[in-house]
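Me: Hey, I'm new to this one and would like a quick tour. Can we go through it piece by piece?

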Amino acid sequence: MIHAAFLIPALPLAGFAILLLCGRRLGNPLAGWIATGFVGASFVVTIIVFAALFARSPDTRSFTQYLFTWFSVDRMNVGVGLLIDPLSMTMAAFVTGVSALIHLYSIGYMEHDERYSKFFVYMNLFVFAMLMLVLANNFLVAFFGWEGVGVVSYFLIAFWFGRPAAASAGKKAMIYNRIGDAGFLVALFLIFEKTGSLTYSVVFAHLSSVGRANLIAIALLLFLGACGKSAQIPLFPWLADAMEGPTPVSALIHAATMVTAGVYLMCRINPILHLVPDAAHTIAWVGAATAFVAATAACAQRDIKKVLAYSTVSQLGFMFLAAGCGAYVAAIFLMLTHAFYKALLFLGAGSVIHAMDDEQDIKKMGALRALMPITAITCLVGWFSIAGVPPFSGFWSKGDVLMNAWSVAPALWGIGAVTAFLTAYYMGRQYYLVFLGTPRWSSAKEHGDVAMKAVDHESSLHPKDARKVMTVPLVVLAVLSGLAGFLDLPFHPDFVFLERWLSPVVGANLAHHSFSLAATWAFSLVDAAVALVGVGIAALVWKSAVDRKAIEPRFLYFAWFVDWTYDHAIARPSKVLASFAATVVEMKMIDGAVNGIAAAFRNTGTKLRRVQSGYVRNYALGVLGGAVLVIAYVVFRARG
Amino acid sequence: MSISGEWYLVLSAVLFTIGAVGLLVRRNVLVMFMCVELMLNAANLTFVTFARELNDIGGQVAVFFVLVVAAAEVVVGLGILVAIFRRKVGATADDAHTLKG
C-alpha cells in the first residue's frame, strides 16, 4: 500500500486542475465540497501510507518512490521522487488533516464571496505545493514546493486585492520571502558544488568531504531561507501583514502549515546541523529572540488576528529554538500541536469576525461567550493549549522544548520561560476581551425599542455560532489540541511515542539530555506554574478592564518598530537612490548621452546642409574638382 | 602621312575642357546636355587614339560601352528635361533646385 504515496500530492493537484477548469461552473458550494473532498481523500491516502510505513520495522522505515526525471544536465540529474519516512509522513498527515478541516470550514466562511471557486483553486494548489515540499526526496523538488507555497501565499494574502492593504501585504510577503529564498538558492548551489547531488540521502552521505566552513555556510543559508518562510528575525514583519488574507488562509498557511516549512527544513537537514553545533546554536538563539520579541508584540495588538499572527511568530521561534538545540523531535512535536491549536484559534477568530460583521478590533468585542458557546469553549481549549496549561498539548510540547533549551544554555531556557509566560498572558488578554467582560459592540438592544425601528436591520449585530461546516472543524481541532500532547510524554522511555517514531530520521543526531525523573517533574511543574501565572495575571488585569495604556505601549503595538526601522534604513534610502537614478542618472547621464549624440549630428547636419545648394552646376563642379584631384594624385604617384 | 597621336590627344583635351566649362557656365539644360556629350566623346577620342597607338582593340571596345551609356543617359536625361519643361516653360537648370538642403 505504500506505493499509493504518489496519490498524496496528486489528489490535491487533481482538485486544483478540476476547479481551475470548471470551478466557476460548479459554483457555490459544490466547488468547495469538491476541493475538500480531494484534500480529505489525500488525508485518507496519507493515513494508509502512514499505516503501511508503521507496519515496517523501524530500520526499514524509509521508502523512496521515484516518479520521473525532472531534468538532466551534464552531471546534474534531478528526479522527482517522494521520500516516505516517519518525518515526511508525520508532516503530511497533519498537513492534509488540518488542511481538510480548514477547507471544510472555508465552505462556510467564504460562502458570500464572489470569487468562491477561485479561493478553493488556490487552496488546493497550496496543499499540493506543501505536500511536494514535505515529501520531496531532494532539495530541488523541496524548493519547488517551497516556491509554490510562497506564490500561493501571495495569491491568498492578496485574495481581496481590491483592498490596498491586502495587495501591499501580498507584495510584502513575497519580497520578504524572496530575501530568504535567495539564501536557500545559494545553499543549493553550494550543496551541489560540494557533493555533486541534491538528493537528501546522497548529500547526507557525502557530508564528511564538504568541509566545516562550507557546512556552516550551508546551514546558515538554509536557515536564512527558513527565516523568510517561517517569519523569524530579521524577516518576520510580513506575517503580521499577511493577516489581510481571509481567515482560513491565515489559519492554514500562516499558522498551521506553510510557515512550519522552515522548521521542517531544519529538521530535515539534521545531519548537517549535527556537524556544526555553532550554526545550530545560532539558530537556537535567533529562534529564542524571535519568540520573545513576537510574544511582547502580541501583548499590545488590538486586531484579533494580529495577536494570533505574532503568537505564531513566537511559537515558530520556539520551534527553531528546539531545532537549534538539536531537539528535532521537540520541534516537530511543537509544530504538530501548534498546527492544531493555532488552526483552532484562527478558525475561532474567523467565527468571531463573521459574527461581529467583519469587526476585528478586540476592544470592540466582549461577552461573546454566552452567545457563541461552541466557539468560546473551543477557543478556551486553544488558549489553554497554547498557554501550556496541563494537560493540554502545548504543555507537553513546550515543556519538551524548554528542557532541551536548558541542556544547551540555561539562558535560552530563561528566555523561553518568559516567553511562555507572555504567551499565556496575551492569549488570556485576548480571550477576556473577546469572550468575557462587557459587550462593547452595539446590539439591537442598546439602541432601545424606539431607536430600533429607525435602525436598519442589517446594522445591528446578533452574534451567534456559525453553521455546522464551520463548527465541526473547531470541535475536531479542539479535541486534537487537547489530546495531542500524549504523543510524547517525558516521564518514561516507553511513552515517547513520537521520539521513537521519528528516530530513524533524526535519532542519530538528536541531542540527548539526561535529566532525572525528579528533574523532569520539576521542569514540568515550573512550566505549569509559568502557564498558570500567565493565565492568572491575564485574568486579574483584563477581567474588568478594556484599555490599559501602560502595558500596551506603542513600542509593542508597532512590534518594536521593526517596520519603521526597515522603512527608514532600507526603504527610504532605496527610494532616494531610485529617485536619484531617475532624475540624475537616467535624465542627465543616460538621456544626456543619447541626446548629446543626436544634437552633435544635428549641428553638423545644419552646417553641412549648405553644401546641398540644389544647383546642378555646383554638383558638377564638385565632381570635376574631385576628378581633377584623383587624376592629379594618380599622375603624381605614377611619376614619384 | 599620318597625324601623330599627340594631336588627337590635344584635340580630345580641348574638347573635354570646352564641354566641362560649358557644363559649368551655361544655364540652358539642353546646352548642358550637349556639353556632357562633348565630354563623353572627348573621352571616346582618347580611347580610340590609344587603341590605335597601342594596337589594342580594347580601347575601341570601351568606346562602344561609352556610347551605350551615353545613349541611356540621354534617354533618362531628356525624360527629366521634358518633365521639367512641363512644369515651367523655359526653365533653366538653376530653376530645378527643390532638393536644396
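Me: OK, so is Asp357(A) buried, exposed or partly exposed?
Reply: Asp357(A) has 13 C-beta neighbours inside 10 Å, so it counts as partly exposed. You'll find Asp357(A) in the loop between helix 15 and helix 16 of chain A.

Me: What is phi of Asp357(A) near?
Reply: Its phi is near 60°, which is a positive value in a residue other than glycine. Most residues other than glycine have a negative phi.

Me: Where does Phe561(A) sit, and what is its phi near?
Reply: Phe561(A) is in the loop between helix 23 (554–557) and helix 24 (562–608) of chain A. Its phi is near 55°, again a positive value in a residue other than glycine. With 14 C-beta neighbours inside 10 Å, Phe561(A) counts as partly exposed.

Me: Let's zoom out. How many helices and strands are there in chain A?
Reply: Chain A has 25 helices and two strands. Its C-alpha atoms fill a box of roughly 120 × 75 × 50 Å along the principal axes.

Me: And how much of chain A counts as buried?
Reply: Of its 640 residues, 49% count as buried. As for contacts in chain A with a separation of 6 or more, 81% of them are between residues 24 or more positions apart.

Me: What does the pLDDT of chain A average?
Reply: The average is 89, and 97% of the residues score at least 70. Over residues 444–458 of chain A, though, the pLDDT is below 50, and that stretch has six contacts in the model beyond near neighbours in sequence. Where pLDDT is low, the predicted coordinates should not be read in detail.

Me: Good to know. Now helix 8 of chain A: how many residues does it have, and how far does it reach?
Reply: Helix 8 covers residues 212–229, so 18 residues, and reaches 26 Å from its first C-alpha to its last, close to the 26 Å expected at 1.5 Å a residue.

Me: Which of the residues in helix 8 of chain A are buried?
Reply: Among them are Leu215(A), Ile218(A), Phe223(A), Cys227(A) and Lys229(A). The cover over the buried residues of helix 8 includes helix 5 (139–157), helix 6 (164–195), helix 11 (261–268), helix 12 (270–275) and helix 13 (277–298) of chain A. Just after helix 8, Ala231(A) takes a positive phi of about 55°.

Me: How many residues of helix 11 of chain A are buried?
Reply: Eight of its eight residues are buried, so helix 11 is mostly covered. They include Tyr264(A), Met266(A) and Arg268(A).

Me: Switching topic: at what angle do helix 17 and helix 18 of chain A pack?
Reply: Helix 17 (residues 393–408) and helix 18 (residues 410–435) of chain A pack at about 150°, with their axes 6 Å apart. The two helices are therefore roughly antiparallel to each other. Residues making the contact include Val401(A), Leu402(A) and Trp406(A) of helix 17, plus Trp413(A), Gly416(A) and Ala420(A) of helix 18. By class, that contact has 10 nonpolar, one polar and one charged residues.

Me: Which peptide bonds are cis?
Reply: One of them runs from Asn28(A) to Pro29(A), with omega near 10°. Pro29(A) is in the loop between helix 1 (7–26) and helix 2 (30–55) of chain A. The peptide bond from Pro390(A) to Pro391(A) is cis too, with omega near 0°, and Pro391(A) is in the loop between helix 16 and helix 17 of chain A.

Me: What about Val535(A): buried or exposed?
Reply: Val535(A) counts as buried, because it has 21 C-beta neighbours inside 10 Å. It lies in helix 22 (residues 517–542) of chain A and touches Ala387(A), Val389(A), Ala424(A) and Gly428(A), leaving aside residues up to four places away in sequence.

Me: Last one: how many residues of chain B are in contact with chain A?
Reply: 10 residues of chain B are in contact with 12 residues of chain A. On the chain B side, those residues divide into five nonpolar, three polar and two charged.

Key:
Residues are numbered from 1 along each chain as its sequence is written. Chains are lettered from A and ligands numbered from 1 in the order in which they are written. This is a predicted model: local features need pLDDT of at least 70, side-chain atom pairs count only at pLDDT 80 or more; totals for chains, interfaces and linings use all residues. Helices (H or I, at least four residues) and strands (E, at least two) are DSSP runs, numbered from the N terminus. A residue is buried if 20 or more other C-beta atoms lie within 10 Å of its own, exposed if 12 or fewer, and partly exposed in between; C-beta atoms are placed from the backbone. Two residues are in contact if their C-beta atoms, placed from the backbone, lie within 7 Å. Ala, Val, Leu, Ile, Met, Phe, Trp, Tyr, Cys and Pro count as nonpolar, Asp, Glu, Lys and Arg as charged, and the others, Gly among them, as polar. Axes are lines fitted to C-alpha atoms, for helices over the stretch in contact, and angles run from 0 to 180 degrees between N-to-C directions. Angles under 35 degrees count as roughly parallel, over 145 as roughly antiparallel, 65 to 115 as roughly perpendicular and the rest as oblique. pLDDT is the predictor's confidence in each residue, from 0 to 100.
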